[in-house]
Every structure is written in C-alpha cells, then in structure tokens.
Amino acid sequence: MTSFDSRKLSQIHQELRAQLPSEPALRTKALESLLTEKKLLDAEAIDAWIELYRDEIGPKRGVKVVARAWTDPAYKERLLTDATAAIDEFGFAGHATGHLQAVENTTAVHNLVVCTLCSCYPFSLLGMSPTWYKSNEYRARAVRDPRGVLAEFGVALDDAIEVRVWDSTSERRYLVVPQRPEGVDDWDEGALARLVTRNAMIGTERDLSPHRRRA
Amino acid sequence: MDGVHDLGGREGFGPVRDKDDDQPFHSEWETCAFGMTQSSAGGEGWSIDWFRHCRELIPPVDYLTRPYFDQWITTVAAQMIDAGYLTLDEIKAGVSTFTAQPAYPPKTTEASRAFVKNPKSYAIQSDVSPRYAAGDAVRCRLSGHPGHTRMPGYVRGHLGVVHAHHGAHIMPDASVRGEKRGEHLYTLRFSASELWPEAKASRDRVFVDLWESYFDPA
C-alpha cells in the first residue's frame, strides 16, 4: 500500500542514495531489468514513448500552430480563447496540454514561461523540454531576474516593454505566441513556420525576423 | 514543504547553461529512464502530485546535482519500494524474490499512445462557490505546510491580484495523500516590485496559478 508518508519516502531515498550505483546508466539498467522481470514494466512501451517523442511530437507542432495564428486572425482568436481546443484542430492536444493557455507577445509585452517547482511543460505541443528549462539556474532566476536571463539568451528588451513571467504551478500550461516579424507580409504559412523556434514559444527568443536569423 | 525544489527567486545561481543544446536526450540511459518513468506500473492513489512530492524528497544535494532523468527513475524506485512492489535488496541483487501485485499494470504500447493523445483534464466538480473574482486583491498566506504544496515560497505573504478564475481543479495538497477533491484555482498576478526588494522600479509582473486556500482577501 502506498504510505503517503513523506518521512518514509525520505528514508527510502536516503537508503537508495547510500546503496544504489551512483552512475546513472548503471542505476537505470538495474531498475529496468528488475522492473521488467517483475512485470512492472513493459519493455516495448519504453520504445513507444521514445518513438513518439522522437518522431511524432516536438516543437514542429508548436510552430505550425503559431504560423496559423499569424495568418488566420480567427484561428488566433480561438487560440487565445481556448488553446487546448485550438491546438486540437491539428490533433496536437494530449500529454500535458489539457489546460493550455496561449499568451501573446506584443510591442508592449514580452512573455516568459517557467516552472519554478519542478519542470512542467506542454509536452504534446512542444515535445521534450530543453535541458536548460529544467536547470536550477533557469528555475531560480526566471521569476526574479527575467531580463538578466533574457539577455543571456540574446534578448535585449527596452525598459518600456513589460515582462510577464508565467510560473506553471498548476496543471495549466503556457504557450508564448511570438510576434509575427516585419517584412514577411507575402510569406505563406509554411514559410512562416520555419521562422518559429522552440525558444520563442517558451519566451527566451523574441525577434524572429529572417534578417536576424541569418545574422 | 520547504524543500530545495522550491527554487523560484533563490539567489546565487549563475548563468543559464547549455542554452544551445537542442537535444532532448543525451544518452541511451536518458531515453530509457524517460520511457520507464512514463510507462511503469502504478500504485493505489498515485498521482502526478505524489510523483512530484516523491521527487522533492530526494536528498537536497542530489536534487540539485544529479541528472534530471536519474531523479525520475530514482523517484519511481522509491515509490515502488514504498508500495511494496520491490525491495532495495532486489535492486542490488538484480533478482526478483516475489511477485508484485501492482494496483495498475504497466502501460502497454497501445496504452502509452492513448495516454499521449489524451489531453487529461484536472478540472473537477465543486459544490462550493468561488470566493474570488478577477480584480480582487488578495494576500498569500505567510506559511506553507509540511508535505506537498504548489504554492511557491516566493509569493508567501505577498499581495497579488486575481487575474483569472479557472473553476475547481484537483487540489495537489490533498491529491498527494490519495484524496481526490477539487478546489477553486486562480491565476494571480504579482508586481515584481512587490516580490523582489531589488525590483522597486520594475513594471514587470509574475503570474502564478494558485488554489483558493493558498491566499486570503487583502
């Protein structure tokens, strides 16, 4: 039976720390073989998860959503109103996107997403999160020194632009809708999608103009 | 709990590293650990909240230093030992000594695909009317409590404004004990100048999702 006892779990962790191999690969292998032998794990399912997140699910989904929002005002309205339903028009709703909110960058506002308490991320839309998103540094600093963090990512913000940091503390998840760059008025949705980056959808990139990306 | 996992606003951390690293996984053990954590058998009353709490209970030095996916599988191991599905001796010996009867079987390939395609809702019916509406001024409670909570330490005692109400969602502080009940969930907005002593002149804001019992009328 599950104990739901913090002290017991803490004790178990202390014992694991003292007795399991320190090397992560060895630790993983030991657990994988035992869980499989005990039928607590279906080895084929591991491959299914890896394939899903390698082949089907990734930021390539999010970029399609943003490009659609840039070219179809009615879609953008739906995205900002009910993002879960809007991404499901592409069949992208799923893992960790049951309560998705899109937040829009404007000339006056820049949005930045973080999870200070763990590593919450809209998986079915953006795929696996980057290592830096899960790092202690990003989690500690994004809420307190967002402009410093953004500067490290090469985003220099005018003081007049308000930074809005979204801390993913519930099961709600956030998608930043970046600004459509200038000078691409005649670009179609497919071409625009190639301008959108994963970092822009988290908020650590702002200017997506093709000129800048070549620089 | 006042754990090291509650990182928001902690000082002394350096620059964000690995900013150009685009790879979700960096070695075979990481991909394996990811798949294992997502698909292993489950115990009675397990939830995302119980998993998060069990990760929070990793010894602080390890929480801050061991690789991310290593923390995931170590958490799975701890949960399974707690539930009685395996023992530390079995892991060390690499040999099963008894048959486990998990409350929920491991996910198959089909179940995994179905899980990934399902936008799971955490909204839940509540007979209680919401106490707050958008625009209300509120103050977060000054203290947290032992066990799991989703109120980050940096908002404690601070003034915020209700930005939006989202209906009732499963309450993590109860879900972590296997109790599934709803409580009204809100997004609160905080001025950076309210939260951080060095940000007195800032117009920036921080938005945090918080349950109703985390704060009071201002």
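**Reading the A–B interface**

Modeller: Let's start with one pair: R164(A) has R205(B), in β4(B), as its bridge partner. Ground rules: this is a predicted model, where local features need pLDDT of at least 70, side-chain atom pairs count only at pLDDT 80 or more, and totals for chains, interfaces and linings use all residues. Residues are numbered from 1 along each chain as its sequence is written, chains are lettered from A and ligands numbered from 1 in the order in which they are written, and side-chain values use heavy atoms, with hydrogens and water left out.

Colleague: In which sense do β3(A) and β4(B) pair?

Modeller: Strands pair if DSSP finds at least two bridges between them, and strands themselves are DSSP E runs of at least two residues, helices H or I runs of at least four, numbered from the N terminus. Here β3(A) and β4(B), residues 205-211, run parallel over 4 bridges.

Colleague: How many residues are in contact between chain A and chain B?

Modeller: Contact is heavy atoms within 4.5 Å. That gives 95 residues of chain A against 115 of chain B.

Colleague: And how many salt bridges cross the interface of chain A and chain B?

Modeller: The rule wants a side-chain nitrogen of Lys or Arg within 4 Å of a carboxyl oxygen of Asp or Glu. It finds 14 across the interface of chain A and chain B. For instance, R144(A) and E11(B) form a salt bridge, with their closest N and O atoms 3.7 Å apart.

Colleague: Which elements give two or more residues to chain A's side?

Modeller: Among them are α1 (6-19), α2 (24-37) and β3 (162-167) of chain A. The largest share, 11 residues, comes from α1(A).
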